[in-house]
Every structure is written in C-alpha cells, then in structure tokens.
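Colleague: Before I use these labels, I want to hear what stands behind each of them. Please show me the model and start with the terms.

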Amino acid sequence: MLVVIIDRIFVGMNLRQIKFSDYYMDAHPKSQVYLHHTAGAAEGERQFQFWSNDSVKVATCVCISRDGEIVQGFSSKYWAYHLGMRTSHFANFDLAYKNLDKISIGVEICNWGWLTERSGEFYTYVGSKIPKDRVIALEEPYRGHTYWEAYTEAQIESVAELLLLWKDRYSIPVGYDEKIWDLHKGALMGLPGVYTHNSVRPDKADVYPHPGLINMLKKL
C-alpha cells in the first residue's frame, strides 16, 4: 500500500499532492535547498511520471509547473537523488565525498533552459520552437548562452513561498549569495543555504541567473 506523506503548507499555497513512491522514506535534517530546472517541456505531474520510470530513485520533492502550481511527490523531510554527485566533484576542493542529497531539498522548475536563436526564432536543444514572449535575453551570457526560456512570475513566486516555508521549518538561511551560479565550496561542504545545481556541478546550467529570480532571492 502506498503511503503518502504531505507537507504542511501555508494557507493559499498553490500545491497539489500526487502519488509517487520512487524516493527514500528516510527522514534527515535539512540544511540546504538546491534550485533546478527540468530542461524539458513536461509540467509538474508529467515530470514525476518520467521519474517513476527511472531504475534509480532520482527526483525532487516538488516540481513547479509554468502556471506556478507546486506538484509535490513526497515530503521535504525525505529524500531522493537529485544532484548526481561523485567523489571527483569534491576532490577538486580537497573535500571528502558527502551525501548532499540526504541533507538537502531539491526544487524543479519546469523550463527548457538555454535556447538557440536562428533567423529571429528560438529553439530548444532538441529543436522545438519556443514562442518569443517566453524568451529572455540575459545582459551577459551564462554558460555560453544569451537566450533562455523565461521562468514565469508564478513560478518565481512559488519558489519564494517554498523557501519561506522551509526557512520556518528547518531554519535554512534564504539570503541571496551571488556566488551560487558557479562552483561553491560552501555548498560542497554542506553549509546551510540556497544554492543552484551549478553550485556543485560544473557541467550543469540549472537554474540560470534570471533577473526576476535574483530579485526575489534578494528580497527574502
């Protein structure tokens, strides 16, 4: 029988619990939050369906659809693999391997990520076209890319609500750190805070420095 554990939520939070079992029902104290984006078209529930077909327990506890709906697969007190860490990622900083997945909470934002411009049109890495009103051009390229699918205001607002919830529950500091867009020794050490996947993986580009996301983090 599937047991579903639901997080307590703030009144008015746009959250929907779904049935999902591919995670470790093993509670751990939490000290970090990692922001990801899916690099795909799937909305929140479909992303969990994709993870259900994996042979290993890879997932984040929540996934935020374009309309801001927070789809929750499991409670933030439990865990699944979401960072893909290896010993070599820590060795670059003369650190021993640490299972950051257990002590962190992962958030997925439904978003394609970087885009390529061709003749005034914008395409994902798989060749699908993104409408121009969903494209943002960064003032400075990030990870070699200027054009990205924009995170929606509703998604950014939902991220803010979740961070405040977890600040309240786990005492995770949510202040903005401008160093989170590149490898961050503090993140690899397990220091408390809000990070991006790029903070621990040099080969990743999620999330990217969207101005609205940065402004939100600065205001928390």
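Modeller: Helices (H or I, at least four residues) and strands (E, at least two) are DSSP runs, numbered from the N terminus. On that basis the chain has 6 helices and 11 strands. This is a predicted model, in which local features need pLDDT of at least 70, side-chain atom pairs count only at pLDDT 80 or more, and totals for chains, interfaces and linings use all residues. Residues are numbered from 1 along each chain as its sequence is written, and side-chain values use heavy atoms, with hydrogens and water left out.

Colleague: What share of the residues counts as buried, and where is the cut-off?

Modeller: Buried means under 20% relative accessible area, exposed over 50%, and partly exposed in between (1.4 Å probe, protein chains only). By this cut-off, 51% of the 220 residues count as buried.

Colleague: What share of the contacts joins residues at least 24 apart?

Modeller: A contact means heavy atoms within 4.5 Å. Taking contacts between residues at least 6 apart in sequence, 68% join residues at least 24 apart.

Colleague: Why are β8 and β9 said to stand at the edges?

Modeller: Two strands pair if DSSP finds at least two bridges between them. The open sheet has 5 strands in the order β8-β7-β6-β10-β9, with antiparallel pairing. β8 (129-130) and β9 (135-142) each have a single partner strand, so one side of each is left without a neighbour in the sheet.

Colleague: How do you know that β9 and β10 pair?

Modeller: They are joined by 4 bridges and run antiparallel, and at least two bridges are required. I136 stands opposite W148 in β10, and Y142 has H145 as its bridge partner there. The hairpin of these strands has 2 residues between them, and R143 takes a positive phi near 55 degrees.

Colleague: What joins β6 to β10, and what joins β6 to β7?

Modeller: Strand β6 (residues 114-118) has 2 bridges to β10, running antiparallel. W114 of the chain stands opposite W148 in β10. Between β6 and strand β7 (residues 121-123) there are 3 bridges, also antiparallel, and R118 stands opposite E121 in β7. β6 and β7 form a hairpin with 2 residues between them, where S119 in the turn has a positive phi of about 55 degrees.

Colleague: Which way do β2 and β11 run, parallel or antiparallel?

Modeller: They run parallel and are joined by 4 bridges. Y34 stands opposite Y195 in β11. From β11, G193 and Y195 point one way and V194 and T196 the other way, and all are buried.

Colleague: Why is H37 called buried?

Modeller: H37 has a relative accessible area of 7%, and the label buried applies under 20%. H37 lies in strand β2 (residues 32-37). Leaving out residues up to four places away in sequence, H37 touches several residues, including W148, D206 and V207.

Colleague: Where does V207 lie, and what is the peptide bond from D206 to V207?

Modeller: V207 is in the loop between β11 (193-196) and α6 (211-219). The peptide bond from D206 to V207 is cis, with omega near -10 degrees.

Colleague: What makes D94 and S171 exposed?

Modeller: The label exposed needs over 50% relative accessible area. D94 has 75%, and S171 has 60%, so both labels follow from the cut-off. D94 lies in the loop between α2 (87-91) and α3 (100-103), and its phi is near 55 degrees, a positive value in a residue other than glycine. S171 lies in the loop between α4 (153-170) and α5 (185-189); although not a glycine, S171 has a positive phi of about 60 degrees.
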